[in-house]
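Please have the model open while reading.

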Amino acid sequence: MVDQFSGHCLCGAVQFDCSAEPMFQANCHCDDCRRSGGGVYASFVFVDASALEISGKTHTHQHLTDAGNTITKHFCPSCGSQVYAENTKTPNRWGVRVGLIEDATWFEPKANVYASRRLPSTPIDPKVNAFDKMRG
Ligand SMILES: [Zn+2]
Ligand SMILES: [Zn+2]
């Protein structure tokens, strides 16, 4: 695990620095994550919002979770990279897209969320907890 990391979008217009250890790490196999990023699943590290410093302006898209909370997805207006997401259920906990982190070799997902929607070809580690839904 790390206690700080940084990253940037594809074009570099949006950059971030996190000064705290991630609270949680997970993969999400839901349709919204697939569609927003174009990959067959998305990987996130969840950090305290106050520890994350973002430079560069993001555009946002809001949508509802199955539980009725609002997700705000922040993405780069120039290159379209998904950068991070906020959930009204846990306003101080932001989910940063692992693919943008400079060196994410430490990434170790603790959960596979929406595992029931996983594509059959996506490998899944049986030692990692699988959840059929997100609890928020
Ligand atoms: Zn960009
Ligand atoms: Zn998802």
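The model is predicted. The chain contains one helix and 11 strands, and 136 residues in total.

**Overall build**

- Read from the N terminus, the elements follow the order β-β-β-α-β-β-β-β-β-β-β-β.
- The C-alpha trace extends over about 35 × 30 × 25 Å along its principal axes.
- A compact globule of 136 residues would have a radius of gyration near 14 Å, and the chain agrees with this because its own value is 14 Å.
- Of the 136 residues in the chain, 31% are buried.
- When contacts between residues at least 6 apart in sequence are taken, 54% of them link residues at least 24 apart.

- Strand 10, which covers residues 111-113, runs parallel to strand 11 and pairs with it over two bridges.
- Ala-111 has Asn-129 of strand 11 as its bridge partner.

**Strand 9 and its partners**

- How many of the five residues of strand 9 are buried? Four of them are, so strand 9 is largely enclosed by the rest of the structure.
- Strand 4 pairs with strand 9 in the antiparallel sense, over five bridges.
- Within strand 9, Gly-95 is the bridge partner of Phe-46.
- Strand 8 also pairs with strand 9 in the antiparallel sense, here over two bridges.
- Val-96 in strand 9 is the bridge partner of Tyr-84.
- Five residues connect strand 8 to strand 9 in a hairpin.

- Another open sheet has three strands in the order 1-2-5, with antiparallel pairing.
- Strand 1 (5-8) and strand 5 (52-55) are its edge strands, and each of them pairs on one side only.
- From one strand to the next, the twist averages 10°.
- Strand 2 and strand 5 are joined by four bridges in the antiparallel sense.
- Phe-16 faces Ile-54 of strand 5 as its opposite residue.

**The nonpolar core**

- The largest nonpolar core consists of 28 residues, and those with the most contacts inside it are Cys-28, Phe-44, Val-83, Val-96 and Tyr-114.
- Two or more core residues come from each of strand 2 (15-18), strand 3 (24-28), strand 4 (42-48), strand 7 (70-75), strand 8 (82-87) and strand 9 (93-97).
- Which strand gives the most to this core? Strand 4 does, with four residues.
- Setting aside neighbours within four places in sequence, Tyr-114 is in contact with Cys-28, His-29, Cys-30, Lys-133 and Met-134.

Note on methods
Residues are numbered from 1 along each chain as its sequence is written. Chains are lettered from A and ligands numbered from 1 in the order in which they are written. This is a predicted model: local features need pLDDT of at least 70, side-chain atom pairs count only at pLDDT 80 or more; totals for chains, interfaces and linings use all residues. A nonpolar core is a set of buried Ala, Val, Leu, Ile, Met, Phe, Trp, Tyr and Cys residues joined through C-beta atoms within 7 Å. A residue is buried if 20 or more other C-beta atoms lie within 10 Å of its own, exposed if 12 or fewer, and partly exposed in between; C-beta atoms are placed from the backbone. Two residues are in contact if their C-beta atoms, placed from the backbone, lie within 7 Å. The radius of gyration is taken over C-alpha atoms; the globule rule is 2.2 Å times the number of residues to the power 0.38. Two strands pair if DSSP finds at least two bridges between them. Axes are lines fitted to C-alpha atoms, for helices over the stretch in contact, and angles run from 0 to 180 degrees between N-to-C directions.
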